[in-house]
Amino acid sequence: MAQHSAIAARTATTSTWIAIALILLFASIPLVSGGSFALSRYIVALAYVITAIGVNLAMGYAGEFVLGHPVIIGVSAYTAGILSARLGWSIGATLPCAIATGVLAGLLIMSPGLRVRGWYYSLITMFAVLVLPPVAMMAKPWTGGEDGLTGIKALTLFGERVPDWALFEISLLVLAASWWLTDNFVRSGWGHRLRALRDARHAAESVGIDLTHTRLVVYVLSSVPAAFAGVILAYSTRFVGADMFGINLMLMFLTGVVLGGPGTRWGPVIGMAPLLFLSFWVGPFSPYNAIGLGVGLLVGTLLFPDGVMPAIADALLKRRLRQPNAASGGNPARPSEIAASAAVFGEQYTARSGGGGATPGGHGDAHILRASGVTKHFGGNMALAGVEFNMRRGALVGLVGPNGSGKSTFLNAISGFLRPDAGSVQIDGRNTAGLPVHLISRAGIGRTFQVPQLVEEFTAIENIEVGLVAAEPHAIVSSLLQLPSTRERARARRERAVAAFHLVGLPDSAMDIPASSLPLGLKRIVEVGRAVVSAPRLLLLDEPAAGLNDAERRQLGQLLQKLRDLGMSVLVVEHNVPFMMDFCEELVLLEAGQVSCTAMLDEPLPERLVSYLNYKPTTVPASGGNA
Ligand code: ADP
Ligand code: MG
């Protein structure tokens, strides 16, 4: 682990040096560039790259497939232009207004993403790009209609006219700042939120992340660079026309981000570069631009499915990682270290869960979960028909029942993924029926999923960290600036994640490899780690042993017992009868949406349960045994 971190740190510093070298290189362009025409086109190019950085934040990191950024540039450029040309405002007043209207436009365009996903979302945001020109035409007295907006005053600062070269340097500074702030942001706990939103939406909610809030933050932060780009455009060309913000520009951002590698720090810069070169070469209004964009998109998706940057990074990182690993032969954890970590987690758990154990907690209730009359219809199909179920605090309970008897539906109903039609659910003494998932989670529920939901590019430890970020303060400014408090939070987060990592018994070798290369059994354990790292009082698991081999299954069962011993209440749905008999202390039989019997496993079992358990292993699922 130390080795990989060292390499990662070295890569990060290398990256910073490359950034500084690039900035100095670009900063010297005005010295060599011929004439102000070329310079103004370079400034336009910078404005586009600045925008692409914001597009990458939304599209790459957060997986929100928005295409509307040209409109943000347009709205901000028009605002700046109108305020300057028509009202004669100075930059000091124009800039904040233009940024504000641009960001507002961005919020408006992207807000359908709170409800709509996938291609519909892309189309809706693309629609905004189609709508901007006609709206600009209608507002002719302000925008100049098809003639465009002219008469924008030259930029003056402190009473001095800002020369073109200085505007170029300012734009370069804005670019560097956008890049740096974004990079800080995605390396803070917000990076966990964003990637979880993109790759594991349900898991994110299940650990308490408020997706609506996360999306709104992304929409605003993703709009800010584009809004700056609009102001830069208005002052550098001193002309604003509706055809500057059309579909071509939209395609350029899309192609640039996809080509460079969505969700990578250098992607938007690397991806935009060839497109901008092309545009310089053939001229900004040449039809070859569109052809170039099309070919770029094709080449990007065919040759570099993850983008150019990941391809380069892969090649570099693999080579570097191979050498030290081969030499040291891995880095196994010492048993004492694991035991210490587990003990740390145990202490944290008791402290955070308010005592835990089978004794009644702060609410004076011996039951962690009380479900009464929980009903759920799917059309005419009654999946839950009034479930009555109380679960003792600190118990390890197995929920069994034939396929389609409503087990998953029940877990979804109590964790909030489904809203019960009727009935009440109390978790730890709090009424939770009807609350959104992230709030129910904060009431003390953790859960795993039938198909593990992980951020595939994250390592096991980072995936476990996802379980902690919801409880952290938002601290957006501190995250953007990577202030000491943010770094301190990251350190504390890592420490707790490592304790949970060892508690759930993940092998040390799994710590630094991306989740995508973990076997299914370990993915399941990582999910358990993510669910328990925030010390929930009630843990729900849906068929955690499916697809595991005997050894993995035994390890999982022992882990559940260990969590129970810490005081966690565990409810597990599982088909594997021996697993349930070996590890649970109580079984609940769910049939046709109702609890038909409950039994302690150390007492004689009721007839109904015996017949279900006995028949179960020999019955093929199709016959179900639905009494
Ligand atoms: P189990 O997990 O016990 O196998 P489920 O809870 O998945 O069963 O399903 C219970 C019943 O509800 C089944 O008849 C299933 O077809 C139905 N069901 C579950 N989810 C949905 C859904 N999203 N839409 C419609 N029907 C559903
Ligand atoms: Mg199920």
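A residue is called buried under 20% relative accessible area, exposed over 50%, and partly exposed in between (1.4 Å probe, protein chains only). Cys97, at 29% relative accessibility, is therefore partly exposed, whereas Cys584 is buried, with a relative accessible area of 9%. The structure holds zero disulfides, a disulfide being a pair of cysteine sulfur atoms within 2.5 Å.

The model is predicted, with local features needing pLDDT of at least 70, side-chain atom pairs counting only at pLDDT 80 or more, and totals for chains, interfaces and linings using all residues. Residues are numbered from 1 along each chain as its sequence is written, chains are lettered from A and ligands numbered from 1 in the order in which they are written, and side-chain values use heavy atoms, without hydrogens and water.

The residues around ligand 1 (a heavy atom within 4 Å of it) include Phe378, Asn381, Gly406, Lys407 and Thr409. By class, this shell has three nonpolar, seven polar and one charged residues; Ala, Val, Leu, Ile, Met, Phe, Trp, Tyr, Cys and Pro count as nonpolar, Asp, Glu, Lys and Arg as charged, and the others, Gly among them, as polar.

An oxygen atom of ligand 1 is 2.5 Å from an N or O atom in the side chain of Thr409. For Asn381, the distance from a ligand 1 oxygen atom to a side-chain N or O atom is 3.1 Å. A polar backbone atom of Gly406 is 3.0 Å from an oxygen atom of ligand 1. Taken alone, ligand 1 exposes 550 Å², of which the protein buries 58% (Shrake-Rupley method, 1.4 Å probe).

Note on methods
A polar contact is a pair of N or O atoms within 3.5 Å; within protein, one must be able to donate a hydrogen and the other to accept it, and residues adjacent in sequence count only if both atoms are side-chain atoms.
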